Amino acid sequence: MLLITCPHCGPRPELEFTYGGEAHVARPADPSALDDRDWSEFLFVRNNPKGVFAERWNHAHGCQRWFNALRDTHSDAFVTTYPAGAPRPESTAEDVR
Amino acid sequence: MSRQPFRLAQGGRIDRSRTLAIRFDGETYGGFAGDTVASALLANGVHLMGRSFKYHRPRGLLSVGTDEPNALLRVDRGPGRVDPNNRAGAVEAVDGLVTGSQNRWPSLAFDVGAVNDVLSPVFVAGFYYKTFMWPRAFWDRVYEPVIRAAAGLGVAPADPDPDRYAHRHAHCDVLIVGAGPAGLAAALAAARSGKRVMLVDEQAEPGGALLHDVTSTIDGVPAQEWVARTIAALDAHESVVVLPRTTAFGYYNHNHVALVERITDHLPASETREAPRERLWQVRAAEVVLATGAHERPLVFADNDRPGIMLAESLRVLVNRYAVAPGREIVIATTGSSAYTAAADLKAAGLTVTVVDARLAADCVADTAFAADRGITVLPGHTIVGSKGRRRVSGLIVAPLRADGSVGPRRTLPCDCVGMSGGWTPAVHLFSQSRGKLAYDAARDAFLPATHAQAERSAGACAGDMALAACLAAGFAAGAAAAGLEETRTFAASPTRTGFQPMRVLPTDADPGRVRAFIDFQNDVTAKDLKLAVREGFHSIEHVKRYTTTGMATDQGKTSNMNALGLVAGLLDTELPRVGTTTFRPPYTPVTFGALVGPGKGALFEPVRKTPIDGWAEARGAVFEPVSLWRRAWYFPKAGEDMHAAVARECRAVREGVGIFDASTLGKIEVVGPDAAEFLNRMYVNGWSKLAPGKCRYGLMLKEDGYILDDGVVARMADDRFHVTTTTGGAPRVLTLMEDYLQTEWPDLDVFLTSVTEQWAVIALQGPRARAVLAPLVADIDLSNEALPHMSVREGFVCGVPARLMRVSFTGELGYEVNVPADYGLAVWEALWAAGQAHGVTPYGTETMHVLRAEKGFIIVGQETDGTVTPDDVGLGGMVSKVKPDFVGKRSLARPDLVAPGRKQLVGLETEDPHERLDEGAQVVRDPSAPLPVPMLGHVTSSYFSPACGRTIALALVADGRARMGETVHVTTMAGFARATIRDTVFVDAEGVRVHARES
Amino acid sequence: MRRFNLGNLLSEALRGHEGWGRQWRSPEPKPRYDVIVVGGGGHGLGTAHYLAKEHGITNVAVLEKGWIGGGNTGRNTTIIRSNYLYDESAHLYEHAVKLWEGLSQDLNYNVMYSQRGVMMLAHNVHDVQIFKRHVYANRLNGVDNEWLTPEEAQAYCPPLSIDPRARYPVMGAALQRRGGTARHDAVAWGYARAADSRGVDIIQNCEVTGFARDPATGAVTGVETTKGFIGAGRVGVVAAGHTSVIMERAGVRMPLQSFPLQALVSEPVKPVFPCVVMSNAVHAYISQSDKGELVIGAGTDQYVSYSQQGGLQITTHTLDAICEIFPRFSRMRMLRNWGGIVDVTPDRSPIIGKTPVPGLFVNCGWGTGGFKATPGSAHVFAHTLATGEPHPINSPFSLDRFRTGRLIDEAAAAAVAH
Amino acid sequence: MLESRNRATRVAPFPLATETIGRVAIAPLPPRTRLSLRLRPAAAADVGAVAGLSLDMPITATRAADGRRALRLGPDEWLLLADADEAEELTALVTAGLAGTFHALVDVSHRSCGLAVTGAGAGAALNAGCPLDLSPKAFPIGTATRTVLAKTEILLARLDADAFEVECWRSWADYLRGFLLEAARGL
């Protein structure tokens, strides 16, 4: 079970959280302006890296806020977590244990 | 009861003042408190304890520890408390305990399965891949049943488990796994920091190897005295928890370590009924110290599996800890030094001991001298080429190794017990589970912790330190560092005989293709099986494991893995790491399902959510159905009524009089804020800006992919406040979705969401007489059509309770939904019930609700829709706003396939036979006589008997359905097909006048 | 290649089995192959087998970064069935089941396909509707699947508790008798041996690190590997959980997410569980292996990961359900618990076909249900690689369906776990 | 029909009896006023306090004043607790105090029900299903947070070293009570 640091509540067990997939995939301001390919990209295509991944978590059984995290999908070690809306922090390989 | 002829006169940690008796295969044997089943049986001279998996070879104890592959027993602790595959050395003897051997018939001594042993030349590794293929049908009917019957060890429990199991989440600063010298020293050091320390050990008492060390001293005191003092010192610390009988079996992400504590199995049944049998601990540790010790390796030689042939250190444990003579005339066979300590202790216990050392004399001078000083005969430079005896070893066949490597003349050493030692394998299982990387250390012939993945340290034998003083010092340093102290110290400890010369298979003069030298005892994997695997091209150790099943038995290869790796490396003439090491997976030792389940069984398996009115329904004999986690009243049968009769009666009551229905499970969300209407505009397909306060509107919500997610009535309580309702099952995901968009996409909107699902009990009154029932209980709300028309809402008091009163209908009749604070729900329900008696008010359940709405063609999300259905598919395309620039799912509605012709559309169905009720899920076809695969037009989503129509009705999703009105189609039944006609979806009151109740 | 049969087995028994040769060679890569298959699991090795056997294309290499069958092929719970709802799925999985039924003979390798039946439990009215919808659709598609009452279900699987007061009472079950299990390792080894015997090069410990492209056409011309450059006419990627990583190296983003999936086995016991039981409502799948172990499948963890290690809470949740439906197993013990990496598409159905890159084909997205499809998947993918065009059976499983919205969403349609 | 007023009686989901098992006592909490207050963090800092209750405090902290409590459950969420008969008064006070400030105030008094879990074994019993570190250092007196207990969400508040309040949504009451009783037996 992961230990996840909620930006508001601090380190909490994974049981309190739900996952939200890749972060920083903004909903287009005007979806009608997108053609089918671009729209399906937005709907379905996500990065799936073996390495540092920016992802969304919801502290569903805590403060219920959505936030973002950088996590190494190979080791499952978190690099950092940060509030929704904040830009993705720089991360380097050293960040990852 | 036999008198323990092999019990030594003195010594051991057993309590001779407390005798006990256990049963094994029907015989009763005496023992003492502190015995294990294995030590008690051996004290009585019982060596034959089991049969091997494949060849049914007679087997005795190999090891006193949890690495035991052979002596696996059925243990019977009373009705429902029978379980298989218990390691004899790990089961503590309890007075009256009943045990038995496994995998044999008719008896352990005479097992017909032993015929496999004769056929062993055929039953080699992977033989089943090469045959049993012809004739084809025989695999299922003949071959496999035979193989399955032969496989498996013990018998699965036949009854539900009456025992209780507990769970505990715990946190500590330092978790120390293993309470041997390294672990105890680590705990001593960590305890000084005052931080929270947990010390866990799988054995009945802490001390590890020190519990059978009768010669060493530590800091001037005998080893076992040092253990006692250390435990006392630890007990003096508030912040230290010591858990014996507790196995750390799993090392998961972020220092999450799973332990299982055995609480009652070592106690007499009388004392244990209320207490949990086992407890699963889930520990989140800031730092972990692994002091998990090492496992001794067997020697690989012909017939090395006879009962009485054990690991040398286990003999030492039996003599020193349990005061049991494993035999009278013992041969120690070794390629290393540690076995000489065992030999010395056995000798000191008065047993006859001879040592056979496969190392050349020059390589074991110090050891032979040590033995000579104690009057122990040593045969250095001798290999072992076989053993004698059937159900008990009677002799060991040895031969000198010549300088040229050839084997000299054989001689047989008579004996009744053999202790073998092929070196030591550090127990790196948990380290490997933590995903740390191992590195091969040629000098120690061991894989040792190298690269760490988590906040963890290994110390002592599991890190390659075999000497006592080194274990203590390393443990102390690790414990201190884990606790954030920069302390080290040295311990004055007796020297330890360490070091060994790895020999994968002992040299022999026999044809290696003929002899069977076992590597994995339980699975009967021999050296020649491994040779065959390599010959057939299986060169990765994972392939070898899977092909031969070596290391795959219940001991998970604790004694066999290194011998197998080494042998394969030798066969491939490559260095050992290139063959790879098998990655260890949890659990370290097998864990009871019950412990993992814990309290989560029966009523606590999964919550049953109940409404405030649930008890009333139960008292009225309601039949319930599960809906998501809720249980809801399904129907209210009267005496003698079946479901059909009850539902028909309930339906008529609503259409002709009045029914009362518990709708409390509906999801409810209070949407508050100046941007509330705009927020709903973005979430729903339809618009909300123009909805006036006091009015209600039906809302439809999509996922971003354009398919229907949920629906429900939304009431506007004020300009900036909406009372949103959702489906029962959809409540959590709708709120989650709304919060997601609000927080991450539109944080600029001034809106807050609050779930009020459980704040309000919801009582639906439906039917022409609904107003008559409700009116007397409503003080301050005008219920007239003019003041409170269909789809409107008012706040006021019902039975003096503040209420949100909605005039809405899911039945097509005049209807109200009374929302009152939940704790008042029952009282208001009962008041309405009482007031309704004069009007024949009838309680109805979800089935009737379903029938009534189906008669009106109202959809139920999740029944008419299934996650691939658009608003237009169910005839609600008209609801979709054409003016709103955007809402969730709007763009997807324009995707090619969602606007393509031929989509399935919701229609009504009437069967030719008015009494034929179609199966929900039945498929609709045009031509039932078409060849397979028969093209399908769609499927039935809802199907009921409709009392109002006096016939069955159905809803279905049918390709181009709205263009097929009047068409005859064929619908599958369990018997064949039924003819049905496609029609519109509204079966009752097509004009929709009843809901307005204008006549009143 | 020495045939596998009882006669040879007995004659070898008399001479210490010295006569068995290698089941497959481990050759050094040639400079160029007509087709390179990236990924040495069952799907990849099977693809090579059918390329050679059905299409006469033998200048083929299978590149495996570790050891063959070491990925999901060797980590799954080996459930085989074809009772899928939609025509596209039913045809694909039924194609596989038909091949399973003759696979041991085709490969001359006993893969132990055991048609002991796969039973899916219905625990509520909704389940009943869904499963009957399956039964009827399957019947019309020529796929066997029948509806059982609770009593019939218990008769078919005696350890099953049908106590009506249970939290999840058994209200019926859908049974596919032709479904069952197979010996997963044997599938990889059998395909490897058969393909090797037809000249296919199986190259282990060879990771693909990049793709060479024709600057003009953009077509794939070969792969960079840890054993150097290898030229190729066509390349098929069959890398399961690692597909995204490999395809990224070809500049193709895939609609995939990789999740840890856990499974476990109990200690071996004598035969007690005769079939396969799946309970989707409680996320539990269970059968008993020929070795006697209860084989139990759990759900995926919620987060993307390549760690092959899930959380303990997934295992405990699964065993809650198992012990609720089969109370007698509470005192059984978990022997081994492991994880795999499954690649999941947005509609949880696979992608088998072309990519935007000429000459590059992909077979992925099998999620938690790939093993059952192995022969069918390999067979149609071999056709696709041989002809450059999808087989009718896999044409609906195109990458393009996510643009058009022609999804094949079994789970959304049926809440049936794969 | 004024006589029909106040005829209705409150029925809480928990039985009234207190259960004591070993070192754990489990007793139902009396009905009380629960108001969910949502407010932007910045606004909370500006306002400081409403109805005599400070809002400006760390997340998971509690502030109490004359029998009322404010629990900060998140950056923009507070739960206000008071006696059962104080709902209208407290609502009025808060609404007045926040006049002109965007906020949401929703009465959720009936949404939840609570148990008092006390005794030397209280923490251990809770840890049978709650994965949080309940040591006094990590979870000091006055801490209040949403979390999980086995298969249900709870609101957990520590009133004293060995005294906790556990609330769940009312439909989960049977499960919550049943689990805690089993947990106490399992100590």
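In the predicted model, the side chains of D76(D) and R65(A) meet in a salt bridge, with a distance of 3.4 Å from N to O. This pair accounts for the one salt bridge that the rule finds across the interface of chain D and chain A, and the interface also holds six residue pairs in polar contact, with both residues of each pair at pLDDT 80 or more. On the side of chain D that touches chain A, the elements that give two or more residues are the strands β7 (68-74) and β11 (144-149) of chain D. Of the elements on this side, β11(D) gives the most, contributing four residues. By residue class, the side of chain D that touches chain A is made up of six nonpolar, four polar and five charged residues.

Taken as a whole, the contact draws 15 residues from chain D and 12 residues from chain A. Between them, chain D and chain A bury about 1,000 Å², of which 54% lies on carbon and sulfur atoms.

The fold of chain B was examined separately. Chain B contains 23 helices and 50 strands. Its radius of gyration is 38 Å, whereas the globule rule gives 30 Å for 1000 residues, a value that chain B well exceeds, so the chain is more spread out than a compact globule. Along its principal axes, the C-alpha trace of chain B spans about 115 × 70 × 60 Å.

Terms used:
Residues numbered from 1 in each chain as written. Chains lettered and ligands numbered in written order. Heavy atoms only, no water. Contact = heavy atoms within 4.5 Å. Buried area = accessible area lost by both parts, 1.4 Å probe. Salt bridge = Lys/Arg side-chain N within 4 Å of Asp/Glu carboxyl O. Polar contact = N/O pair within 3.5 Å; in protein donor to acceptor, adjacent residues only side chain to side chain. Nonpolar A, V, L, I, M, F, W, Y, C, P; charged D, E, K, R; others polar. Rg over C-alpha atoms; globule rule 2.2 N^0.38 Å.
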